[in-house]
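Q: I would like to learn how to read a predicted model one feature at a time. Could we take the general idea before the particular case?

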Amino acid sequence: MPTPRRDRSPSPNRSSGGARGSSRRSSAGGGPGKLVLAFVLGAAAAAGAGYLYLHSSPHPHPRSAATAPQPAPPASHTAAKPPPPAVAPSAPFGISEDVFEAGAHIYANRCAACHGTPHAAALSKPPAPQLWRADRSGLVARSPGEIYLATARGNPAKGMPAYTRVLTETQLWQVALLLKNADVDLPDPVVHILNTPPRH
Ligand code: HEC
């Protein structure tokens, strides 16, 4: 009996999404022997490790976003690697209530007028993306480094000021880490700060 490995004959069942029949590894059935089994297990482990790496966040979420949109199913180990998001720097510190409070002060004073608060949308011209929307279309799916860069560089042509010279590195990270966590239940003091109109 030949082992049913990688049967590529055109069969009525549609190939499952995209990559060339990658997930179609046959289960090891005492065929050619231990070598193949070891390879299959090794490949599966590698793919699993890659999956974990891609999907683990360096910043522990207080409540993991179970409903966060998944970017894509894990690529098979044979597929080309996804473009590394690593261009964006990683945060020099982690999240804490202090970080969120500091970020909230900055946000309330400098960003809320355009980007809204957890309780109120803002009506700016040109309209800015509302970063606290309940549908999680904000920045939650971005890495803190991407948020940091978008804030630092801005996009002046489209109405987003650049903040490199306005905020310190630390402040940029504080606000980026806060926005990354816009979908979690933030501590009350943080929410209070966010919903306090800016002082002048
Ligand atoms: C004067 C209004 C205004 C202010 C103030 C402002 N933004 Fe923006 N921001 C915008 C607009 C408009 C855009 C959309 C630009 C575009 O279309 O690319 C934007 C885009 C962004 C983006 C990228 C969003 C995305 O989906 O790519 C981030 C991140 C951001 N702002 C963060 C901030 C932070 C943090 C602050 C405060 C430190 C801030 N912004 C202050 C108007 C503003």
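Q: In which loop is P126 found?

A: The model is a predicted one, and in this model P126 is found in the loop between α3 (112–115) and α4. The peptide bond that leads from K125 to P126 is cis, with omega near -5°.

Q: How many helices and how many strands does the protein chain have?

A: The secondary structure comes to six helices and zero strands, and, read along the sequence, the pattern of the protein chain is α-α-α-α-α-α. Of its 200 residues, 20% count as buried. Among contacts between residues at least 6 apart in sequence, 69% join residues at least 24 apart.

Q: How should I read the packing of two helices, and at what angle do the axes of α4 and α5 cross?

A: Two packed helices are described by the angle between their axes and by the distance between the axes. Here the axes of α4 (residues 144–153) and α5 (residues 169–180) come within 8 Å and cross at roughly 125°, which makes α4 oblique to α5. The crossing in which α4 passes α5 is right-handed.

Q: Which residues make the contact between α4 and α5?

A: From α4 the contact takes P144, I147, Y148, T151 and A152, while α5 contributes L172, W173, V175, A176, L177, L179 and K180.

Q: At what angle do α2 and α5 pack?

A: The helices α2 and α5 pack at an angle of about 100°, with their axes 8 Å apart, and are therefore roughly perpendicular to each other. The contact is made by V99, F100, A102, G103, A104, I106 and Y107 on the α2 side, and by Q171, Q174, V175, L177 and L178 on the α5 side. In this contact of α2 with α5 the residues divide into nine nonpolar, three polar and no charged.

Q: How do I read a nonpolar core, and which residues of the largest one touch the most other members?

A: In soluble globular proteins, nonpolar side chains tend to be buried together. In this model the largest nonpolar core has 28 residues, of which Y107 and A176 touch the most other members. The elements that give two or more residues to this core are α2 (97–110), α4, α5 and α6 (188–194), and the largest share, seven residues, comes from α5.

Q: Is D188 buried or exposed?

A: D188, whose place is in helix α6, is exposed, because 8 other C-beta atoms lie within 10 Å. Its C-alpha atom is separated by 10.0 Å from that of E97, which is 91 residues apart from D188 along the chain.

Q: What about the loops: is T117 buried or exposed?

A: T117 is found in the loop between α3 and α4, and it is buried, with 22 other C-beta atoms within 10 Å. Leaving aside its neighbours within four places in sequence, T117 is in contact with A112, W132, L194 and N195. Between T117 and N195 there are 6.2 Å in space, C-alpha to C-alpha, and the two are 78 residues apart in sequence.

Q: Where does C111 lie, and is C111 buried or exposed?

A: C111 lies in the loop between α2 and α3 and is buried, since 24 other C-beta atoms are within 10 Å. C111 and A122 are eleven residues apart in sequence and 9.9 Å apart in space, C-alpha to C-alpha.

Key
Residues are numbered from 1 along each chain as its sequence is written. This is a predicted model: local features need pLDDT of at least 70, side-chain atom pairs count only at pLDDT 80 or more; totals for chains, interfaces and linings use all residues. Axes are lines fitted to C-alpha atoms, for helices over the stretch in contact, and angles run from 0 to 180 degrees between N-to-C directions. Helices (H or I, at least four residues) and strands (E, at least two) are DSSP runs, numbered from the N terminus. Angles under 35 degrees count as roughly parallel, over 145 as roughly antiparallel, 65 to 115 as roughly perpendicular and the rest as oblique. A crossing is left-handed if the near helix is turned anticlockwise from the far one by less than a right angle, and right-handed if clockwise. Two residues are in contact if their C-beta atoms, placed from the backbone, lie within 7 Å. A nonpolar core is a set of buried Ala, Val, Leu, Ile, Met, Phe, Trp, Tyr and Cys residues joined through C-beta atoms within 7 Å. A residue is buried if 20 or more other C-beta atoms lie within 10 Å of its own, exposed if 12 or fewer, and partly exposed in between; C-beta atoms are placed from the backbone. Ala, Val, Leu, Ile, Met, Phe, Trp, Tyr, Cys and Pro count as nonpolar, Asp, Glu, Lys and Arg as charged, and the others, Gly among them, as polar.
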